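Here is a short note for a colleague opening this structure for the first time. Please keep the model open while reading.

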Amino acid sequence: MKNMLKKIASKKYKETIFSTTLPNGLRVYLMPKAGFAKTYGLFVTNYGSLDNEFIPLDGQEFKKVPAGIAHFLEHKVFELEGDKDASNLFAQLGADANAYTSFTETAYLFSTTSNVLEATKLLLDFVQNPHFTEESVEAEVGIIEQELKMYMDQPGSALMQGGLQMMYKENTIRNDIGGTLQSIKEITYQDLLTCYQTFYHPGNMIFVLVGNFDVDAALKTISENQAGKTFPPFKPIKRRYYLENNQVYQPFGEKQMAVIIPRTSVNLKIGYENLNALEIIKRDFLLQLVGDIYFSRGSDFYQQLKKDGIINNSFSFTSAVHELFGFLTLSCDTLQYEEFNKRIKEKLLQIRTTQIPKEDFERMKKVQLARMIRLMNSLEFWANIIHEAGFKDLSPFAIIQALEELQYEDLHLIQGFFVEKAIAVYQIMPQGDLT
């Protein structure tokens, strides 16, 4: 059956990926990995927490649904007929199953060393044949409510969410992926059904299998499974997003929680630009690279902050440049939170006008490439990069190549990010008086 497949190969990395699009629109990627005992399956829909306004598959007008509905739906999809849970069926096959919801996607996955074809069919079947009811939806509210309360009590989660709310005014990234205690109570059975029918269509989904399996057998299993199901014609989904420039909504905010040491974050907002997928990927790599140059543990700036007692091992930074949002966040648990905020902000603003040493750029680019090459031993890495590329209509190797092709002169593409109006501080303070 390989003659049905498009071959995507990299001579440099000695990797081959097979792909096809089935008649119902499902994109399938198969990556056999010789010498691996495990196989990793991923079934992902291009639908996340940001997708709160859209035109339903059978509708004409935009519909707005409560925050947290994508995550709520992820929970309900595991529910099978007869009060069974898909996780238990995977366990009977000797496979581990899981799922996650992000800002932009919902994914269901398994890993196994046996019964690969059976696990593949199960993954396809349980995601494509949900059995949630109005009664079970009402019961789920309490479960998700407890999950939300747990996250709300975690200072790290509160710090990240607070930073996003300082940066963004309307973009739904400011909402917790799980929603709020109020919004999840507003979710109805019909809302879930509408979201499922719209976003869980095969034409909006990708299936990836990476690891120890036979390509022909896997393709036959997937093709026959999909041929036995009926779906309405797919049409591109119209979604409404609130795209923002780099002006932060509020420059400062704080919250009191049961912490002993203050937690603080300095957040840099990346404004929306009308860029193609590779341009966005390029900026994402550049921002990570600059973050490594100035804020990694080997940097002079990090070492000086450590020497001055401003930071400790809790210091971290994370960055993302996406089509719909972007940010760089630096955070730490520190009694010197005011000095931390001041110095980090000063450093961010210096990056705009400072000439970054070319040797630092080249060194950190090599570090980034080395990290990526190490990750190539991970089945999860390949599954993630394959589906990310698939949704962008790119070759998975194009993403790797984008990093390889970065030039020192490209730094000008992101130095404009580092301006005063794009910076917001958010901190978690101990309850009561610090003194």
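1. Ground rules. This is a predicted model, in which local features need pLDDT of at least 70 and side-chain atom pairs count only at pLDDT 80 or more, while totals for chains, interfaces and linings use all residues. Residues are numbered from 1 along each chain as its sequence is written, and side-chain values use heavy atoms, with hydrogens and water left out.

2. The largest pocket. It holds about 1,500 Å³ of space. A pocket here is an open set of points on a 1 Å grid over the protein atoms alone, where a 1.4 Å probe fits, with protein on both sides within 12 Å along at least five of seven lines. Lining residues have an atom within 4 Å of a point. The volume is the space filled by probe spheres set on the points, which are joined across faces, edges and corners.

3. Its lining. The largest pocket has 44 lining residues, and Thr104, Glu105, His322, Glu388 and Lys392 lie nearest its centre. Elements that each supply at least two lining residues include strand 9 (96-101), helix 8 (277-295) and helix 12 (379-391). Helices (H or I, at least four residues) and strands (E, at least two) are DSSP runs, numbered from the N terminus. By class, the lining has 24 nonpolar, 11 polar and 9 charged residues. Ala, Val, Leu, Ile, Met, Phe, Trp, Tyr, Cys and Pro count as nonpolar; Asp, Glu, Lys and Arg as charged; the others, Gly among them, as polar.

4. The second largest pocket. About 370 Å³ of space lies here. Of its 18 lining residues, Thr101, Tyr151, Asp176, Ile177 and Gly178 lie nearest the centre. Helix 5 gives the most to this lining, with 4 residues. The classes are 8 nonpolar, 7 polar and 3 charged.

5. Cysteines. How many disulfides does a search of the whole structure find? The count is 0, with a disulfide taken as a pair of cysteine sulfur atoms within 2.5 Å.

6. Thr112. This residue lies in strand 10 (residues 106-112). Its relative accessible area is 2%, so Thr112 is buried. A polar atom of its side chain lies 2.6 Å from the backbone oxygen of Ser114. Beyond neighbours within four places in sequence, Thr112 is in contact (heavy atoms within 4.5 Å) with residues including Ala37, Lys38 and Leu93.

Definitions and conventions:
Buried < 20%, exposed > 50% of the residue type's maximum accessible area, 1.4 Å probe, protein only. Polar contact = N/O pair within 3.5 Å; in protein donor to acceptor, adjacent residues only side chain to side chain.
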